[in-house]
Amino acid sequence: KMGKSLKNAVAPDDICRDFGADTLRVYEMSMGPLDTSRPWATKDVVGSQRFLQRLWRLAVNEDTGELATTDANLSEGDLKQLHRTIAGVRDDYENLRLNTVVAKLIEYVNYVTKTYAGGAPREIVEPVVLLVAPLAPHIAEELWKRFGHEGTITYEAFPEFDEKYLVDDEIEVPVQINGKVKSRINVPADADQDAVFEAAFAD
């Protein structure tokens, strides 16, 4: 429990001074569902700060202050990750599941960071700025300006997703022999049992 009478309150001003207002907002929204009691742990605020720092580094070169993104095209895997994130985040915002919004955005930023060590395509970074804006408006506004946009991000349309990227063309199936996984095969998502057996024996 936290409260003035218990003399254990945490002043928002102190958190904003040490970590920034956006970090405080992201941490509070990531703590859990809005309608439940949630434990406060100042040490965990650092996780939200690191997420925003990773997002910043995707877009901006920390040494030069210039944009770090490229004009490269997105792979099929990138497009699936992007559109699935947009679809999930839109649904979570509409249903006020803000903690899962944060989780999905962290997962997405981690994916882009690991996939593109030397500069990510602008097309994969810019949409996440719009997705994070309701939670971290200050950093989102700054990044939006860095991308060369004139107006505020506040009135920009939210990213849309393409249904075709939400469905897997292929699925991975484990192959077991005597209860132990010996191999994994990829088969079309609509493959019947005979086709799966045929692919397993061919492997």
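In which crossing, left-handed or right-handed, does α5 pass α6? The crossing is left-handed, a term that applies if the near helix is turned anticlockwise from the far one by less than a right angle, whereas clockwise is right-handed. The structure is a predicted model, in which local features need pLDDT of at least 70, side-chain atom pairs count only at pLDDT 80 or more, and totals for chains, interfaces and linings use all residues. Residues are numbered from 1 along each chain as its sequence is written, and side-chain values use heavy atoms, with hydrogens and water left out.

Helices (H or I, at least four residues) and strands (E, at least two) are DSSP runs, numbered from the N terminus. Two packed helices are described by the angle between their axes and the distance between the axes. Axes here are lines fitted to C-alpha atoms, for helices over the stretch in contact, with angles from 0 to 180 degrees between N-to-C directions. For α5 (residues 98-115) and α6 (residues 122-132), the axes come within 11 Å and cross at roughly 160°. The two helices are therefore roughly antiparallel, given that angles over 145 degrees count as roughly antiparallel, under 35 as roughly parallel, 65 to 115 as roughly perpendicular and the rest as oblique. Contact means heavy atoms within 4.5 Å; on the α5 side L105, Y108, V109, Y111 and V112 meet I124, V128, L131 and V132 of α6. This contact divides into nine nonpolar, no polar and no charged residues. In this classification Ala, Val, Leu, Ile, Met, Phe, Trp, Tyr, Cys and Pro are nonpolar, Asp, Glu, Lys and Arg are charged, and the others, Gly among them, are polar.

Helix α6 also meets α4. Their axes come within 11 Å and cross at roughly 5°, which makes α4 roughly parallel to α6. From α4, D78, L82, T85, I86, V89 and Y93 meet E123, I124, P127, L131 and V132 in α6. By class, this contact has eight nonpolar, one polar and two charged residues.

The interior can be described next. A nonpolar core is a set of buried Ala, Val, Leu, Ile, Met, Phe, Trp, Tyr and Cys residues joined through side-chain atoms within 4.5 Å; buried means under 20% relative accessible area, exposed over 50%, and partly exposed in between (1.4 Å probe, protein chains only). The largest such core has 41 residues, and those with the most contacts inside it are L105, I124 and L143. Two or more residues each come from α2 (21-30), α3 (45-59), α4 (76-94), α5, α6 and α7 (137-146). Beyond its neighbours within four places in sequence, L105 is in contact with F51, T85, V89, V128, L131 and V132. Apart from this core lies another, of five residues, including I15, Y27, A41 and V45.

Leaving aside neighbours within four places in sequence, D92 is in contact with R97, T100, V101 and K104.

The loops remain. T70 lies between α3 and α4, and its C-alpha atom is separated by 4.5 Å from that of P121, 51 residues apart along the chain. Most residues other than glycine have a negative phi. L96, however, has a positive phi of about 55° although it is not a glycine; L96 is in the loop between α4 and α5 and is exposed at 56% relative accessibility.
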